[in-house]
Amino acid sequence: MTHLNREEIQRYADGELDDAAAAEQHLRDCAGCANAVVAEMQLRRAVRDAARMMPADAVRARVRRRLFGSPNTWAWAAAAAVTAFVIGALLSAGTVGTLTSARELADLHATILASANPVDVISTDRHTVKPWFEGKLPFSFNLPELAGTPFRLLGGRVVYAHGQPVAYAMIGKGGHKLSLFVAQTALPARGMRGFASVSWRSSGLTYVLVGDVPRSDLEQLRQLW
Amino acid sequence: MTMSFEDLAMPLFPSLYGYARWLTGEAHEAEDLVQETYLKALRGFGSFRDGTNFRAWMFRILRNTFLTSRSGLRPMEPLDDEAAEEIAEKGTPETHFVNRANGEALRRAIEALPLPFREVLLLSDVENMRYKEIGEALGIPVGTVTSRLMRARRRVRAALEGMR
């Protein structure tokens with residue numbers, strides 16, 4: 001594949017490129033195009049962080065009361081809590097200046113879970129998922145056998161974080177979806193905004209697990225490596 | 001499972017409000033606009049077909065309500081420099097990394113965008129909508145979504161570059 005043009009870079013960064021596989025093949029070899037993709041994704045995130053505006057609770061309550069009368073407080077509070085949690089993970093709450101790269105993983109975790117096509121290879125079989133990454137990443141990594149554990153593999157994709165390609169695997173536990181990130185350089189994993197995370201180094205790679213489950217669940221999963 | 005209008009619509013409140021805030025540029029107007037949107041949607045809910053995109057439908061009502069409101073009736077800025085920008089888009093892209101710390105400059109750049117660009121950028125980057133969904137919300141083809149988004153980001157980048 002030749003260099004990506006402006007539109008292809010935009011569509012790739014937005015997850016709208018039809019032939020993403022061919023583009024990824026090219027991005028692996030072409031630093032110029034890969035940089036352009038990262039820049040596009042950065043701008044996208046920066047716009048999101050800068051432009052997100054949240055109504056005050058009082059505004060929401062006022063409009064709701066005018067529309068639907070006395071509130072079913074319980075259900076609304078629950079919905080609001082979920083919304084606030086998800087959005088809390090996605091936005092920087094007006095503190096763009098203090099946004100550290102540490103939160104990128106929490107952002108990515110939340111964004112991937114919220115997206116319509118969260119993974120590019122959908123399989124519960126690590127013998128399918130692992131080879132899929134070959135040629136898409138400049139490194140290879142280990143996925144443990146999850147059969148017989150409370151965890152199950154759901155799929156994988158390549159993401160960009162901290163300016164480098166990062167392997168992403170989605171792992172299910174009960175109704176929860178956990179994220180595994182694997183990269184060649186350190187991925188800061190502090191300040192996860194309410195998500196639990198566990199990270200470790202192995203064979204020169206950094207592994208980070210992120211999820212909205214008790215940290216002990218992530219520790220249990222980590223023990224499988 | 002059939003969900004009530006309230007169950008479906010109220011979780012969209014923060015999104016609709018944020019969008020209304022960017023359209024109107026003012027908190028009280030935004031609140032009124034969102035309330036009016038909910039009232040219209042409630043009245044029209046019978047005509048909403050299951051299986052179509054509810055979120056896009058709500059945003060479409062909000063936008064149409066805004067465009068027929070007093071502040072929405074201000075004349076739209078003409079998009080007369082499209083040809084020049086098209087030419088610039090043909091070339092190999094240069095890479096400009098955005099300084100994420102500069103939220104205030106970014107907000108000013110978004111504010112300065114003509115409405116057709118601003119709304120596409122917000123629905124894509126803030127609301128995380130797919131191009132198809134944006135097209136449904138704005139009543140424009142996906143190709144137009146793509147090109148407007150490109151121009152919106154180009155202008156934002158240029159505005160930030162100009163600040164350096």
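This is a predicted model: local features need pLDDT of at least 70, side-chain atom pairs count only at pLDDT 80 or more; totals for chains, interfaces and linings use all residues.
Leaving aside neighbours within four places in sequence, A:Arg152 is in contact with A:Thr124, A:Leu146, A:Ile171 and A:Gly172. A:Arg152 itself belongs to strand 2 of chain A, which covers residues 151–161. Is A:Arg152 buried, partly exposed or exposed? The residue has 13 C-beta neighbours inside 10 Å, and it therefore counts as partly exposed. The reasoning rests on two cut-offs, since a residue needs 20 or more such neighbours to be buried and 12 or fewer to be exposed.

From this single residue one may turn to the chain that holds it. Chain A contains eight helices and six strands. Along the sequence, these elements follow the pattern α-α-α-α-α-α-β-α-β-β-β-β-β-α. Chain A has 225 residues, of which 35% count as buried. Among its contacts with a separation of 6 or more, 50% are between residues 24 or more positions apart.

Chain B is built from nine helices and zero strands. Its pattern, read along the sequence, is accordingly written α-α-α-α-α-α-α-α-α. Buried residues make up 41% of the 164 residues in this chain.

Two pairs of helices show how chain B is put together. In the pair formed by helix 2 (residues 13–24) and helix 3 (residues 27–44) of chain B, the axes lie 8 Å apart and the packing angle is about 125°. Helix 2 of chain B is therefore oblique to helix 3 of chain B. The crossing of these two helices is right-handed. On the side of helix 2 of chain B, the contact is made by B:Leu16, B:Tyr17, B:Ala20, B:Arg21 and B:Thr24, while helix 3 of chain B supplies B:Ala27, B:Glu29, B:Ala30, B:Leu33, B:Val34 and B:Thr37. Sorted by class, the residues of this contact are seven nonpolar, two polar and two charged.

The other pair consists of helix 7 (residues 115–126) and helix 8 (residues 131–138) of chain B, whose axes come within 10 Å and cross at roughly 135°. Because of this angle, helix 7 of chain B is oblique to helix 8 of chain B. Helix 7 of chain B passes its partner, helix 8 of chain B, in a right-handed crossing. Where they meet, helix 7 of chain B contributes B:Glu119, B:Val120, B:Leu123 and B:Ser124, and helix 8 of chain B contributes B:Ile134, B:Ala137 and B:Leu138. By class, this contact comprises five nonpolar residues, one polar and one charged.

Helix 7 of chain B may also be considered on its own. Its twelve residues reach 15 Å from the first C-alpha to the last, close to the 16 Å expected at 1.5 Å a residue. How many of the twelve residues of helix 7 of chain B are buried? Ten of them are, so the helix is largely enclosed by the rest of the structure. Among the buried residues of helix 7 of chain B are B:Glu119, B:Val120, B:Leu123 and B:Ser124, and these four also take part in the meeting with helix 8 of chain B. Following helix 7 of chain B comes B:Asn128, whose phi is positive, near 60°.

Terms used
Residues are numbered from 1 along each chain as its sequence is written. Chains are lettered from A and ligands numbered from 1 in the order in which they are written. Two residues are in contact if their C-beta atoms, placed from the backbone, lie within 7 Å. Axes are lines fitted to C-alpha atoms, for helices over the stretch in contact, and angles run from 0 to 180 degrees between N-to-C directions. Angles under 35 degrees count as roughly parallel, over 145 as roughly antiparallel, 65 to 115 as roughly perpendicular and the rest as oblique. A crossing is left-handed if the near helix is turned anticlockwise from the far one by less than a right angle, and right-handed if clockwise. Ala, Val, Leu, Ile, Met, Phe, Trp, Tyr, Cys and Pro count as nonpolar, Asp, Glu, Lys and Arg as charged, and the others, Gly among them, as polar. The expected span of a helix is 1.5 Å times one less than its number of residues.
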